[in-house]
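Please have a look at it first.

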Amino acid sequence: MASRKNLVADRAALAHKARYALAHPQRVPGHLRRAGRDRWLAFKHRDHVSYYRAVMASDTRRDPDAAVGSPTREGWLKLGELQFSYLRQHGLAPSARMLDIGCGNLRAGWRFIEHLEAGHYYGIDISPDVLIAAKRTLTERNLQAKLPHLTLTQDLTLDFLPDAHFDVVHAHSVFSHSPLDVIEECFAHVGRVLAPGGFFDFTFDRTVGTEHHVLREDFYYRTETLTGLAARHGLRARFMDDWELLGHGQSKIRATAGTTRTTGTAPPLPA
Ligand SMILES: C[S@@+](CC[C@H](N)C(=O)[O-])C[C@H]1O[C@@H](n2cnc3c(N)ncnc32)[C@H](O)[C@@H]1O
């Protein structure tokens, strides 16, 4: 499948915005509405997590599927399947214990819950609204007997979770909405909750140019920034090349607990 990534654009640059507006004039009013709303929410909520929680509340009120990034149910199902089948191919066994950071309305979570043994799925999120939507997904899928944990969190210190417990920690499309200090908080603590041999998979919006963000909603990082930061917290991080072949807009890194620094190498730019 062809890559949908634009790895060089700086979406925060004025020239990029002007070019984009000229190419997609129909999207301008929607973007301006969103920018106005986000400015107001950022004014009311000074720390990032509170701000983003307010964004999620507003988006989830309209449509929980769209709030996690899938405007159609068909797309929601497809993206959940993509996440699930990737981890299945990487050996996710029913006996595994999984922590899903930023679980959203269980787009992929319901498939993990169905696959895993009862009580082995632990989803956390900063948004109460999306967790209510997650409970709805759970009910619709008749997964009550699987007794998943769904927990609201304010930060990523993971302090309420036990040592060495999770075989898989997963964060899909969460760091793409996170400033570096939030990501660093996660890196500083995730190693403690990883079981021996466990791994932490996360996706991110990748750039090979200038790191930037759009409306403090979407953040673009260089691979080396994240692998380097992970290494500073004792994690070995590597770029997942096989994920690139699946045509998803984000890239994926896998981190394991360890002291040796091995940074992943990103593939060359598409021609
Ligand atoms: C784009 S959605 C993806 C949801 C889910 N991972 C999926 O792929 O369907 C991002 C989710 O991460 C949550 N989130 C954002 N920042 C977070 C943070 N710092 N800690 C936990 N959850 C966060 C949001 O509330 C939202 O539900």
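At roughly what angle do the axes of α3 and helix α7 cross? What you have on screen is a predicted model, in which local features need pLDDT of at least 70 and side-chain atom pairs count only at pLDDT 80 or more, while totals for chains, interfaces and linings use all residues. Residues are numbered from 1 along each chain as its sequence is written.

To the question, then: the axes of α3 and α7 (residues 128–140) cross at roughly 40° and come within 8 Å, where axes are lines fitted to C-alpha atoms, for helices over the stretch in contact, and angles run from 0 to 180 degrees between N-to-C directions. From α3, Met 56, Ala 57, Thr 60 and Arg 61 make the contact, and from α7 Asp 129, Val 130 and Ala 133, a contact requiring C-beta atoms, placed from the backbone, within 7 Å. By class, those residues are four nonpolar, one polar and two charged; Ala, Val, Leu, Ile, Met, Phe, Trp, Tyr, Cys and Pro count as nonpolar, Asp, Glu, Lys and Arg as charged, and the others, Gly among them, as polar.

Helix α3 (48–62) also turns up at the ligand, where α3 and β2 (121–125) each supply at least two residues of the shell, and α3 gives the largest share, three residues. Helices here are DSSP runs of H or I with at least four residues, strands are runs of E with at least two, and both are numbered from the N terminus. The ligand is surrounded by 24 residues, the closest being Gly 102, Gly 104, Arg 107, Ser 127 and Ser 173, with near taken as a C-beta atom, placed from the backbone, within 6 Å. That shell has 13 nonpolar, nine polar and two charged residues.

Let me turn to α9. In this helix, residues 223–232, the buried positions are Thr 223, Leu 226, Thr 227 and Ala 230, buried meaning that 20 or more other C-beta atoms, placed from the backbone, lie within 10 Å of the residue's own. Because they cover an arc of only 95° around the axis, they sit on the same side of α9, the arc being that of the directions from the helix axis to the C-beta atoms. Their cover includes α8, β5, β7, β8 and β9, and just after α9 Gly 234 takes a positive phi of about 75°.

Finally, the chain as a whole comes to 10 helices and nine strands, and 35% of its 271 residues count as buried.

How values were computed:
A residue is buried if 20 or more other C-beta atoms lie within 10 Å of its own, exposed if 12 or fewer, and partly exposed in between; C-beta atoms are placed from the backbone. Two residues are in contact if their C-beta atoms, placed from the backbone, lie within 7 Å.
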